Amino acid sequence: MKTFCGRANPTTGAMEWVEEDENYDYHQEIARSRYADMLHDKDRNTKYYQGIRAAVSRVKERGEKAIVLDIGTGTGLLSMMAAAAGADFCYAIEVFKPMANAAVKIVEKNGFRDKIKVINKHSTEVTVGPDGDMQCRANILVTELFDTELIGEGALPTYEHAHKYLVQEGCEAVPHRATVYVQLVESKRMWSWNKLFPVRVEAEDGEKIIVSPSEVEKCPGVPSVCDIQLNQMPSSDFTTLSDVVTMFSVDFSKPVRSASTCYRVQLEPVRSGTAQVVLSWWDIDMDPSGTINCTMAPYWVKSTSEFQWRDHWMQCVYFLPNEEPVLQGEQLYLTACRDEYSVWYKLQKAREEENKADVRVESPVCRCQAHLLWNRPRFGQLNDQDRTCQYVKSLMKVLKADSVCLCVSDGSLLPVLAHHLGAQQVFTLENSTVSCSVMQKFFKANNLEDKIKIIEARPELLTSSHLKDQKISVLVGEPFFTTSLLPWHNLYFWYARTAVSPHLTSDVTVLPQSASLHMMIVEFQDLWRIRSPCGTCEGFDVRTMDDMIQNSLNFRESKEAEPHPLWEYPCKSLSDPQEVLTFDFRETVPPQGLSTEGSVNLLRKGKSHGAVLWMEYHLTAGTSVSTGLTQISNEKGNCEWNPHCKQAVYFFSSVIESETLSEFPTAVKYAINFDTKTGEIAMDFKLL
């Protein structure tokens, strides 16, 4: 059966009806899942197995049968560990039907059909009793329901229900407990993901400063956690202001409460500074004594010998509602509040703590709308003074005293730059009500509300009356659009430029004048694991899962690139970067597609895990802005990437699937095609 799905094309801006297979969503979920990453997490798997063996032993020593409940079983791995450890019976619950079907096959393949029952239900729907899904309550509770924030996948309500209805009082739990740790830091880099700093512009009539509206300054931001690979954050980018402190613990062997609550700890700063960010992570003890411990602690807290790369559990960055100057040795209280799914923080000085009973802190909600319009990397991009300088330099070259300027980007500061640099008239085309509202606030805060005209319209609906019957002599864009996921989606600028053609002068200046797509072959240090088949895990055959992921990748995904912020994922270049396609914005979008083919030589030995692709925008002759590679930093080929953009990664499945290549390829052949009608890029690679 086929289904028609409506979607806005991020590159062309057109609303399309796409015919999708009825299994499209399910294939997408599996293809983009992190199952492979979890199965490759040796540290996690070994410790779960140790914890499960110990729990089964404790139950057996009491002379009881070991009955296991495994909630969110996935592949059935933890249930198979329990059965292999001597459990009498396991109930493995999995709500996602394709996954439950795979678990049944994996359990059978490994010979545990008589010991494990897979139940395809949500755990809250499972029944207990002679005619129920479970014959009796379990005395061992095994789960892996955690995300980077610990509770974001609904672990607490699931545990709460399980203790009430599915497990015996005093049951064993693996993991036994989780502990959340925090550390207070000052970090201009991280804070730049949450607030807009003043932007300085050197104009002919002196320095101009673009400031944020007070509403944006005071806004606590959005409640969602910022989860990143903190192990890739250099120590020079932050200053720790406190020691690591235990914030709260959850004992999973006892009844768990999911109701909203707060925790408070006392802190004494180890140095003076400005508290901006709470860094947080957790660990889990697999046994009551805490001897089997799995930790997410970052590199400066634990020795690198314990370091285990994982992408399914990272570390958390929480922004405080406001910056707070702190002095070494003064008394502070840090409050963590949580609901069922998320955590947020507030810092108070001891003298402010008049009413200690009421420490409830409201969840952060963005009221300024800027945090809804701009995500965290976008805030970082807008705060990148070097990038702003490139635009200023280019605008100074092209603007004249009589320039009529139109900006096409989402929530850009370019209209303000254009005004300050002398354009006679500036219009900005905003696609959404949110971006209109945010830009109005910015123009007002900078006394420009009567100097820059906001037009809320799609490019193809622009009329002469919007422009006061003037023709546009300078068309500018960053280009940045909130709907873009892959680097080339921002080519929407080209389609917008084509749509507004009737309103442009014959000698219009377009900035950027062109863009180019660049490519490089790389070897990833770790990111390849998310696409790598597992084969066996702790001695159990999970190839059914590998086949299932591969089947879903073949359904659509494996022929597509996927976005990743590569500053978080180290890789080394095996080839030189290569420009593969050019898009000339001075001309309208051509009716025929653009295509190229060729080969790129591999200069270094290594595993060619895939190709990385990114865009460069050529603002004016000699001035460019890159969304990808910033430099290859040494002879080993280590890459540095633009930290404010995601790059596109196209994984070569043949390399990821083979453990060892007898011969390293010497070149990679590529064919890349840009379909101007759909705005999509198709690519194909062959290792030579």
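Helices (H or I, at least four residues) and strands (E, at least two) are DSSP runs, numbered from the N terminus. The model on screen is predicted, so local features need pLDDT of at least 70 and side-chain atom pairs count only at pLDDT 80 or more, while totals for chains, interfaces and linings use all residues. Residues are numbered from 1 along each chain as its sequence is written, and side-chain values use heavy atoms, with hydrogens and water left out.

**Stop 1: P175.** Select the loop between β7 (167-174) and β8 (177-186), where P175 lies. V174 and P175 are joined by a cis peptide bond, with omega about 0°.

**Stop 2: the domains.** Colour the chain by its domain assignment: domain 1 (2-32), domain 2 (34-144), domain 3 (178-368), domain 4 (384-511) and domain 5 (514-687). These bounds come from an automatic or database domain assignment.

**Stop 3: domain 3 against domain 5.** Nine residues from domain 3 and nine residues from domain 5 make the contact (heavy atoms within 4.5 Å). The two domains bury about 850 Å² between them, and carbon and sulfur atoms give 62% of that area. Buried area here is the accessible area (1.4 Å probe) that two parts lose on being put together, summed over both.

Next select R189, Q232 and W309, which supply 62% of the area that domain 3 buries against domain 5, more than any other three residues. How many residue pairs are in polar contact between domain 3 and domain 5? There are two, both at pLDDT 80 or more; a polar contact is a pair of N or O atoms within 3.5 Å, and within protein one must be able to donate a hydrogen and the other to accept it, with residues adjacent in sequence counting only if both atoms are side-chain atoms.

**Stop 4: D43 and R310.** The whole structure has 29 salt bridges. One of them pairs D43 with R310, whose closest N and O atoms are 2.8 Å apart. D43 is in helix α3 (residues 42-61) and R310 in the loop between β16 (293-295) and β17 (315-326), 267 residues apart.

**Stop 5: the disulfide.** Select C262 and C337, whose sulfur atoms are 2.5 Å apart in a disulfide (a pair of cysteine sulfur atoms within 2.5 Å). The link is right-handed, with 90° about the S-S bond.

**Stop 6: P479.** End at the loop between β23 (472-476) and α14 (492-499), which holds P479. A cis peptide bond joins E478 to P479, with omega about -15°.

Technical notes: A salt bridge is a side-chain nitrogen of Lys or Arg within 4 Å of a carboxyl oxygen of Asp or Glu.
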